[in-house]
Amino acid sequence: MRALISVSDKRGVVEFARGLRGQGWEVIATGGTMKLLRDSGVEVLNISDVTGFPEICDGRVKTLHPKVHGGLLARRDDPEHLRALEENGIGFIDLVCVNLYPFRETIAKPGVKMEDAIENIDIGGPSMLRSAAKNWADVTVVCDPDDYAQVLDEIRAGGSTLKETRLKLSAKAYTHTAQYDAMIATYMRAQAGLDEKLFLEFDLVQPLRYGENPHQSAKFYREGAQTPYSLAFAKQLGGKELSYNNIQDANAALCIVREFDEPFCVGLKHMNPCGAAVGRDAADAWTKAYEADKVSIFGGIVATNRPVTREAAELMKPVFLEIIMAPKFDEGALEVLRTKKNLRLLEVDMSPAEGAPKQYVSVNGGLLVQELDVAAKRITADMSVTERKPTAAQLADLDFGWRIVKHVKSNAIVVVKDGRTLGVGAGQMNRIGSAEIALKQARAAGFAEGLVLASDGFFPFDDCVTLAAEYGVGAIVQPGGSVRDEDSVRKADEKGIAMCFAGERHFKH
C-alpha cells in the first residue's frame, strides 16, 4: 500500500506518516513535506524517485505526471486499467494526503503583490485531490488534519479505510477544492476588472421543522468564521428546538443589544422591539423593559448584554417567553429557568466586534447584499436646530431613542423617557401613523409630559411635531434633510420643543 503526502498545513502530518509506516505503508512525499518527514525520522520516498522526473519550474511541476495520476485514477476492477498500469510501470497510490497552498492567508496580507498571490495558487494539489476523490471506491483522500486519527484507526483495524469513510472524505475534498477555486476566481476577477461574482459559503446548522409558516420548508446555515452577536454560534442551554421565526426574531434582538455598552435589555416581537431599557444590571433593565409594554412581550424574545442572575431569572420566569439570550447565565438562573422546559436559553458571544458584517436578503431570482447598519451617531447638544436646547436628561433619552428607532421597521417612531421605551410605532405607510401609535401607547401607560421622540426618517411636514406637542413631547431627534425642514423647526420653536438633526437616517425595511 502506498500513500502520497504533500501538505502546506503540516499539523499532525509527522505522526500521520509515522502511523502509516507503522502499518507497513510506503510513503511518498514532495518538497518541504519530504524534508520535514525525513528530519523527523520518517522513511519516505521522493516524488521524483517515483516519477523518474525531477521537480521543475521552481516546484510548479512535480506531481503532474502519469505515474501519479495513473496510480490514483486506475480502477482496480478494470482489466484494461490494470494492463495499462503494468505496461507503463505505474504502481497504485492508495491514499493521498494533500492540503493546498495558503492562498486565503496570502491575499489577506496588507499590500500583497499580485505575483505573490499567483505563486500561492496551487495546481498539483487540487489535481491530486480531484483524481483521488473521483476514484474514492479504491483511494482514500485526506485534506483535513482532523481526519488523520480516524483514517489511521481504520487502517490499523482493517488494513484500509471503510468505504463509507472514503465517500465522505471524497465529498470533503471536492468541497475543499471548490472553496479554493472560488477564492481564486474572486481575486482574479477583481484584478482583471471583471464584474464581481458572489460565492457564498455556509455550513448547515440544522434543518428546521418548518419555515415562516407550517407549509414552508426551511434550514438554518452559518458562515465559516466565528461571529459575535450571532445566533448561528450561540450555545443553547435549555428549551426546545429553535424555529425559523425564533431565529429571525432573536437575530433582530441581538442587533439591538449590540448598540449598548451599559446594562441593557430588550423585549422583541415580530422583529420589532416592544420594550427596551437601560438599567443598573440585567434585573433592573428587564424590569423597566417589561413595564414598558407588559402586553406585547407575551410570547416574545428577550436579550440582555449582562449575565442573567438568579434575581433576574425570578423576575422573568412568570412571563411567557420564547427565548432569553445573554452572554452568560448564572447557575442560580439556570436552576430557575430550566423549570420551564420549553423556554430556550441561549448563551451568545457579545464581545466587541470590529467592522460591519455583510447582510444578505433574498429577492425573487436575486440577492441583495449590504453592510449591516451598525453605525449610529451619538446625539449631542451641537445637533440642536431649535431655539430651545435639550437638557442633559433629554440628550441621554434622545441618544437612547436614536439607537432603538434604527431597529424598528420603517416608518418608525419611538417615544422614550428615563432610558426606556414607552411607545413604539412600526411599519406604517406614513410617519404620522407611526407617531400616533407610539404616542398613544405612551399616554395609555400614564405618561403625558417630559417625553422624547425619535424618528428613523425626516419629517416631510410639521404634522408629527404638532402631534408630539399634544402628547407632552419635549425633545425630538430626526435625521433632517427634508426640503421642508424649516416647517418642522418653526413648529418646534412655536411649541417650545427642542429638536436635533442627527444628519443620518436609519430606514429598516
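**Note on strands, helices and backbone angles**

1. V96 has V141 in β5 as its bridge partner. Helices (H or I, at least four residues) and strands (E, at least two) are DSSP runs, numbered from the N terminus.

2. The model is predicted: local features need pLDDT of at least 70 and side-chain atom pairs count only at pLDDT 80 or more, while totals for chains, interfaces and linings use all residues. Residues are numbered from 1 along each chain as its sequence is written, and side-chain values use heavy atoms, without hydrogens and water.

3. The open sheet consists of five strands, in the order β3-β2-β1-β4-β5, with parallel pairing (two strands pair if DSSP finds at least two bridges between them). Because β3 (45-46) and β5 (140-142) stand at the edges with a single partner strand each, one side of each has no neighbour in the sheet.

4. Helices α4 (residues 66-73) and α8 (residues 124-134) have axes that come within 8 Å and cross at roughly 25°. Axes are lines fitted to C-alpha atoms, for helices over the stretch in contact, and angles run from 0 to 180 degrees between N-to-C directions. The two helices are therefore roughly parallel (angles under 35 degrees). In this contact (heavy atoms within 4.5 Å), V68, H69, L72 and L73 of α4 meet S127, M128, S131, A132 and K134 of α8.

5. Helix α10 (residues 163-192) has 30 residues and should span 44 Å at 1.5 Å a residue; its end C-alpha atoms are 43 Å apart, which agrees. The expected span is 1.5 Å times one less than the number of residues. Its buried residues (under 20% relative accessible area, 1.4 Å probe, protein chains only) include T165, L169, A173, Y180 and Y187. The buried residues of α10 pack against α6 (103-107), α7 (114-119), α8, β5 and α9 (148-158). After α10 comes G193, with a positive phi near 75°.

6. Most residues other than glycine have a negative phi, and most peptide bonds are trans. Y229, in the loop between β7 (218-222) and β8 (235-238), has a positive phi near 55° and is buried at 13% relative accessible area. H270, in the loop between β9 (264-269) and β10 (272-278), has a positive phi near 50°, and at 65% relative accessibility it counts as exposed (over 50%).

7. The peptide bond joining S410 and N411 is cis, with omega about -5°. N411 lies in the loop between α15 (392-405) and β16 (413-417).

Terms used: Parallel < 35°, antiparallel > 145°, perpendicular 65-115°, else oblique.
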